[in-house]
Amino acid sequence: MTADDVDDVGTYPDYIVINKPVNQRPLRGDVVRYVGAPIAAVAATDRYAAEDAVEALAATLEIDELSPVMTVEQATSDEAPLLYPEWGDNKVVDLVGDRPEVRAALDAAPHRFTETYVVQRQTPLPMETRGVVAEYRDGRLSVWVSHQSPHIARTTYAMLLGLREADVRVVCPRVGGGFGGKTHVYSEEIVVAHLAMKLGRPVRWIEDRAEHLVASVHARDQRHVVDVGYDDEGHIHAMRCHVICDVGSGEVFMAGTCPSLVSGGVMTGSYDFPNLEVSTTCVVTNKTPAGAYRGFGAPEGVFVMERVIERVARLVGKDPNDVRAPMILQQSQMPYTMPGGGRIDSGSHQQTFERVIELGTEALQRVQARFEDDPKVRVGVGYTNYVEPCVPTYFATTGHWAGYDAATIRIEPDGGATVAVGVAEIGQGMVVTTRMLAADALGMNLDDVAVVMGDTDRAPYGLGAWGSRGAVVMAGSVVKAAEVVLDKARVIAAHKLEAAAADVVLEDGAFTVRGSPGGTAVTWAEVATAGVIRTIELPKGLEGGLDAAATYEPYALEHFPDESGRIHAAATWSNAAHAAVVAVDLRSGHISIEEYFVVHDCGTIIHPNVVEGQIVGGVAQGIAGAMYENLPYDPETGQPQFASFMEYLVPTMSEIPPVQTEHFESPAPEMPLGIKGVGEAGTIGPPAAITNAVCFALADYHLDITETPVTPMTIRAAIRGSKDRT
Amino acid sequence: MTSDTTAENRRVPIRLRVNGSTESAAVPPRLLLSDFLREGLGLTGTHVGCEHGVCGACTVLIDGTAARSCLTLAVQADEADITTIEGLAEPDGTLSTVQQAFADHFSLQCGFCTAGFLMSIAGELEQGMTEPEIRELLSGNLCRCTGYQSIVEAAVELAGTREA
Amino acid sequence: MKPAVFDYVRPSSVQDAVSALASDPDAKVIAGGQSLVPLMNFRLASPTLLVDISRLDELDFIEVRDDKLCIGAGVRQREAERSVVAARSCALVAAALRWVGHPQIRNRGTVCGSLAHGDPSSELPAVAVATDAEFIVRNRTGERVIAARDFYLAPFWTALEEGDLLTEVRLPVDTPGIQSSVREYARRSGDFAIAGVAIRGTSGDGTPRASVGAFGVASAPVRMTATERLIESGDYSQSALDDAIATDVPSPTSDGQADGTYRLELLGELVILALADCGGRR
C-alpha cells in the first residue's frame with residue numbers, strides 16, 4: 001500500500017493557528033522529508049515475510065535525492081532549500097517577543113554577556129515500542145494500540161477514516177511506557193486500521209526498535225541565544241532569550257512546537273525574575289519530527305537559566321547559591337505570576353532550596369573525603385531549582401483539545417464500585433492511584449473498587465496520560481462523581497435507618513446515624529442492592545440507580561494567550577530542588593554521579609511509592625539527557641548516525657546512581673485535595689544540576705559548559721584546552 | 001531435513017522443554033526463539049525490546065542460564081530446557097521469591113522490562129553478591145521507568161546482602 | 001528486524017561442517033550467535049546457509065597442550081571465564097572475558113566466535129594479538145595455523161577465507177611471575193570499548209617486560225610494539241609514552257562515540273593503569 005492507496009483517507013488537520021500547515025498524509029507520496037517517514041506498507045502473514053517484501057520493494061524504489069536541511073543554521077540561511085515551498089521560509093513557528101522594559105533594563109545593566117546554549121536531540125524511548133492491532137467487523141473498527149490518549153486517538157481515527165466515532169473502539173491495554181512519545185496519533189495507526197478495513201481481517205504492526213528510533217517522535221533539540229544584564233553584586237537585571245527549536249519535518253500530529261513555548265514560559269521557575277523577554281522560533285529540517293517528551297521543554301529552559309546563573313556567579317566571584325538566594329520565591333509572593341503568564345499557585349521554593357543545599361554540602365564533604373587520596377579525581381556539587389507545570393491546557397499543544405477529564409462511578413448491586421476514568425495507565429501507577437482515591441472518596445475498601453481506563457467503549461471521554469495532570473483531573477472528576485452517588489446513597493440509607501439524610505454518615509464502609517456509635521448500621525451492599533435491584537425499598541419518589549458522571553477542569557486554566565502573549569497555561573505548579581555530587585576522573589574524563597538528591601513538593605501525596613517511582617525514574621531520564629543520549633545526523637546526507645542501542649546510549653543500572661528524595665507538601669489551593677503533578681518533575685533537574693556540578697569540579701580548568709550531553713570527551717577537551725592556554 | 005525444498009520453505013523439526021512441558025514443532029531456520037515462544041507457543045510474557053541483544057527484555061533461561069531469546073535461533077534451542085517468565089511462579093499462581101521481591105519493592109512501573117530482569121536474576125544472581133556486583137550483573141537489562149533503584153533494592157534483598 | 005531466509009545444518013563432525021561450508025560461498029558458521037544474529041536481524045548480514053557447530057563435542061575443550069592453552073570453538077565465553085584451567089594457564093583470558101558484553105551474552109557467545117568475528121573494539125582479539133596466539137583453521141582441504149598478528153586485516157575482516165572454520169585458539173601459557181590486566185573504557189557497562197588494553201607483563205627483579213594489545217582504537221586490534229619497547233627500557237616519561245602510543249596507533253578511530261585524540265589519551269591512561277595492575281610502576 002502506497003500513498004495512492006490512501007487517497008480516500010483524510011489529511012491530518014493543522015489545528016494550531018500559529019503553526020504553518022504541514023498537511024500531513026498517512027503515507028508520503030512525492031516528497032519524503034526524513035529517514036523514517038512512512039512511504040509504503042506491506043501486509044503479509046508474518047513479520048518475516050513482510051520484511052522480505054519491504055527489502056524487495058526498497059530495491060525497486062526510484063528516488064531523486066534532494067539537498068537536505070539538517071541544522072538550524074541551514075534552515076534559516078537565505079539559500080536554504082524549503083521543506084514547504086509555500087511557506088516562503090523554514091519557520092513553522094516564529095514568535096517575536098517585544099518587552100521594551102526588558103530591553104531598557106538590559107541597556108541599563110552594568111554588565112552584559114551573550115551566549116548560546118544547546119540541548120541535544122533525544123527520544124522518549126519507552127521500552128515497549130509502538131504497536132497497533134486493528135480489526136474491522138460488523139461495521140465497527142476496533143483498534144488496540146499502545147497509546148497515551150485513547151479517546152484522542154479514536155477521534156482522530158474516526159475523522160481520517162471517515163467513520164462515526166461511535167463505530168470506533170480504541171483499547172490501550174497495559175501500555176509499556178510512553179513518556180510523551182505515545183501522545184501522538186501516528187500515520188502507522190491510520191494505515192494499519194485502513195488496511196484492516198480493506199482486507200477485512202485483523203492487521204497487526206509491532207514497531208521494531210530500528211523503526212522506533214527514526215519513526216517515533218524525537219524531542220528537545222533546542223538552542224537558546226541569551227543576552228543577559230547583571231551587576232557586580234551578581235544581581236541579574238534582565239534577560240532576553242531566543243528559543244530556537246529544530247522540530248524535524250513537522251509531520252506529526254499533534255505538532256512538536258509547543259515544548260519550545262514551555263521552555264521560555266517556565267525557565268525562570270523558582271525565581272522571582274520579572275525582566276525576561278522570550279522569542280520563539282521553530283524551524284523544520286529533514287529529521288524525524290520532534291514531539292512530546294517528559295519535561296516538555298522545561299529541562300531545556302531550566303538548563304539555560306541555571307547555566308546563566310552560574311556564569312554570572314563566576315563573573316562576579318560569588319557562590320552561585322548566593323546569586324540564587326535573593327531571587328528564590330517566597331511564600332509571601334504566592335501566587336506569583338511568571339513573565340510568561342504562568343501563575344505559580346503555591347510552593348516551598350525557599351525551603352526546598354535551603355534543604356537541598358544542606359544535603360549537597362554534607363554530601364560534597366563525604367565525597368571529597370572519599371577521593372582525597374586521588375589527585376586525578378575532582379569532586380563537585382551542582383544545584384538547580386525549578387517548577388513543574390502541572391495540569392496544562394492541551395489547546396496550546398493540539399489547537400483542538402483543552403483541559404478537562406472525566407469519571408463515571410457505578411455502584412454495583414453488591415456494594416462495590418466500577419470507576420471509569422478518561423485518564424490512562426502507561427505504567428505510572430494511575431490505576432492504583434485511582435483505586436486508592438476512589439475508595440477513599442466512596443468510603444469503600446480498595447478491593448471493592450474496580451477501575452476502568454484505556455477503553456473508549458467503557459471509559460468516559462477524556463484526554464489520557466500527559467502533562468503531569470492525571471492525578472489532579474482524575475481526582476477532580478472522581479470526587480465530584482463520588483459526591484453525587486454518596487448523596488443518593490445517604491438518602492437511601494437514611495430511609496432504611498429512619499433518619500434524616502443530613503444525619504447519616506459513612507464510616508468504615510457502613511452508613512450510620514451521626515452521634516449514635518454502635519447503633520444500627522446499613523452497609524454499602526444493602527444500600528446498593530436497594531438502589532439498583534430492590535428498588536421497591538427506595539423512598540417514594542426516588543428513582544433507582546446509583547451512578548454518576550462528572551467532568552473536571554481547573555477553572556483558572558487559560559487556553560488563549562492575552563494580547564501580550566502571556567498565558568496561565570498550567571493549573572498548578574510543583575516545585576523541587578536538586579543537588580548532584582559528581583566525581584570527575586581527569587584521566588578518562590569519566591563523570592561519576594556519587595550522590596543525587598531531590599527535595600520535592602508536589603502538594604498532597606496520594607501514594608508515596610508512586611510518587612517516589614515517578615521522581616527517581618524521571619531523574620534517570622534526566623541523567624540520560626545530561627550525559628548519554630543523543631541523535632546526531634550526517635549534515636551532508638541527512639542520514640541518522642544512530643541505528644541501534646549501540647549508539648543511542650540509554651543508561652543502565654551501572655550509570656544511574658541511587659537517588660535520595662525528601663518531600664515538602666504545599667497543597668495546591670485550587671486543586672482537588674491539594675494535589676499537584678509529579679510525572680515530569682524528576683526529568684527537569686539533572687541536566688542543570690549535573691552540568692553545574694561538573695563545572696564546579698573542574699573550576700581549575702575554567703570549564704563553562706553550554707551544551708548537553710556532557711561527555712568524557714567534553715571533559716578531556718576542556719582539560720586539553722586549558723593546558724593549551726597555559 | 002529434506003534437501004529438495006528451497007531454503008525459503010525449509011522447516012526444521014525441533015523438540016524442547018519449555019517450562020517443564022515438552023514441545024515439538026517444525027520451524028523455519030530463521031525463526032528467533034523469542035518469536036517461537038511468543039507466536040508459536042503464545043508465551044507472550046517474554047517481551048521483545050530491541051532484537052539486537054542490548055535491552056534484555058527477552059531474557060529467558062536456556063538450560064538454566066540467562067540468555068537473549070532474540071539472539072537465539074529456535075533451531076538452536078532444539079533439545080534445550082527453556083524457562084520463561086510464565087514458568088517462574090508456582091503452578092497455583094504463588095509468586096516466586098524473585099517476583100515477590102519485585103512486588104514488595106515496587107520494582108516495576110510499566111512492566112515491559114520486568115520479565116527480563118526477573119529471568120536474569122533467576123538465572124544469574126548469586127547469594128552474597130554485593131550491590132556493585134548486582135549492578136554489573138543487571139546492566140544487561142534496560143529499564144526506562146524506575147531509575148533502577150527499586151530493582152536494585154529487590155535484588156540486594158534476594159542476594160541476602162541487604163545492609164542493616 | 002528479522003533475518004532473511006537461510007538454510008541451516010547442524011553437522012555431526014568437523015569434517016561434515018567444513019564440507020557444508022564448502023558447499024555454499026555465502027555460508028556462515030554459527031556457534032553462540034551473539035555477534036552474528038544481531039547483524040542478521042538488521043539484515044546487515046544475510047548468509048544463505050548457517051552451519052551450526054555449537055554441539056560438536058570435538059570442539060568442546062579447554063586444555064593445556066605443549067605450553068599452550070587450547071580453547072575449542074565450542075567453548076562458551078562463560079565457561080572459559082570460569083575455567084580453572086584457563087585461569088591458571090592464561091589469566092588474560094578471564095581478565096578479558098569479564099568485560100565482554102553481559103553475563104547473559106557470555107552464556108551463549110563463544111571464545112572463538114568473538115575471535116573470528118573480528119570486531120576491532122572487542123577484547124579477545126587484542127588478547128590474541130598480545131599473547132601471540134595461534135588460530136587453528138580447518139577447511140575441506142586441510143588444516144593450517146594462522147598467527148594472531150596475521151589474522152586481523154580490517155574491521156570484521158580476518159584471514160579466514162570461504163570454507164574456513166576456526167576450530168581452536170592456542171594461547172601461550174603464562175610463565176612464572178607473569179601478571180595480566182585488561183582495562184577498558186566504555187560509556188556504559190558492557191558496551192564495546194572506546195579504548196582498551198590487554199597487558200601481560202612481568203616486573204619482578206629483572207627487566208620489565210610486557211606484551212600489549214590494544215582494542216577499540218584502530219581498525220583492527222593493535223600489538224603495541226613501540227610501547228612494549230619503551231616499557232622494557234624501564235624508565236620513561238609521560239611524553240615518551242604518548243609518543244610510543246602514537247607510533248603504535250598512527251590512525252586512531254574517530255567516530256560518533258569519540259574522536260581519535262580522545263581515544264589515544266584514553267589509551268595512554270589505560271596502559272598506565274594496566275601496567276600498575278601488573279605490578280609495574282605507578
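Begin by selecting A:Arg99 and A:Glu101, whose side chains meet in a salt bridge with 3.0 Å from N to O; a salt bridge here is a side-chain nitrogen of Lys or Arg within 4 Å of a carboxyl oxygen of Asp or Glu. A:Glu101 has a relative accessible area of 41% and is therefore partly exposed, where buried means under 20% relative accessible area, exposed means over 50%, and partly exposed lies in between (1.4 Å probe, protein chains only).

Before going further, note that this is a predicted model, in which local features need pLDDT of at least 70 and side-chain atom pairs count only at pLDDT 80 or more, while totals for chains, interfaces and linings use all residues. Residues are numbered from 1 along each chain as its sequence is written, chains are lettered from A and ligands numbered from 1 in the order in which they are written, and side-chain values use heavy atoms, with hydrogens and water left out.

Over all chains, the rule gives 76 salt bridges. Select A:Glu595 and A:Arg366 next, a pair whose side chains meet at 2.8 Å, N to O, in a salt bridge. A:Glu595 belongs to strand β21 (residues 591-601) of chain A and A:Arg366 to helix α10 (residues 349-370) of chain A, so this pair ties together parts that are 229 residues apart in sequence; helices (H or I, at least four residues) and strands (E, at least two) are DSSP runs, numbered from the N terminus. Is A:Glu595 buried or exposed? With a relative accessible area of 8%, A:Glu595 is buried, whereas A:Arg366, at 39%, is partly exposed.

Now move to chain C and select C:Asp164 and C:Arg144, where another salt bridge joins the two side chains (2.7 Å, N to O). C:Asp164 sits in the loop between β9 (157-158) and β10 (165-172) of chain C, and C:Arg144 in strand β7 (residues 142-147) of chain C, so the pair ties together parts that are 20 residues apart in sequence.

**Where chain B meets chain A**

Stay with B:Arg30, whose side chain meets that of A:Asp52 in a salt bridge (2.7 Å, N to O). Across the interface of chain B and chain A, the rule finds three salt bridges. Showing both chains, you can look for 31 residues of chain B in contact with 42 residues of chain A, contact meaning heavy atoms within 4.5 Å. The area buried between the two chains is about 2900 Å², with carbon and sulfur atoms giving 58% of it; buried area is the accessible area (1.4 Å probe) that two parts lose on being put together, summed over both. On the chain B side, B:Arg30, B:Arg144 and B:Gln149 lose the most area to chain A, together 27% of what that side buries.

**Inside the cores**

Which residues have the most contacts inside the largest nonpolar core? They are A:Tyr596, A:Ile690, A:Val694, A:Ile715, B:Phe117 and B:Leu138, in a core of 87 residues; a nonpolar core is a set of buried Ala, Val, Leu, Ile, Met, Phe, Trp, Tyr and Cys residues joined through side-chain atoms within 4.5 Å. Helix α15 (residues 608-628) of chain A gives the most to this core, with nine residues. Another core, of 51 residues, lies apart from it and includes A:Val391, A:Ala417, A:Met430 and A:Ala439.

Select A:Val391, which lies in strand β12 (residues 377-392) of chain A. Although A:Val391 is not a glycine, its phi is positive, about 55°, and with a relative accessible area of 0% this residue is buried.

**Two cis peptide bonds**

Turn to the backbone and select A:Phe253 and A:Met254, which are joined by a cis peptide bond with omega of about 0°. A:Met254 lies in the loop between β8 (236-246) and α7 (258-266) of chain A. As a last stop, select A:Thr708 and A:Pro709, where a cis peptide bond also has omega of about 0°, and find A:Pro709 in the loop between β23 (707-708) and α18 (712-725) of chain A.
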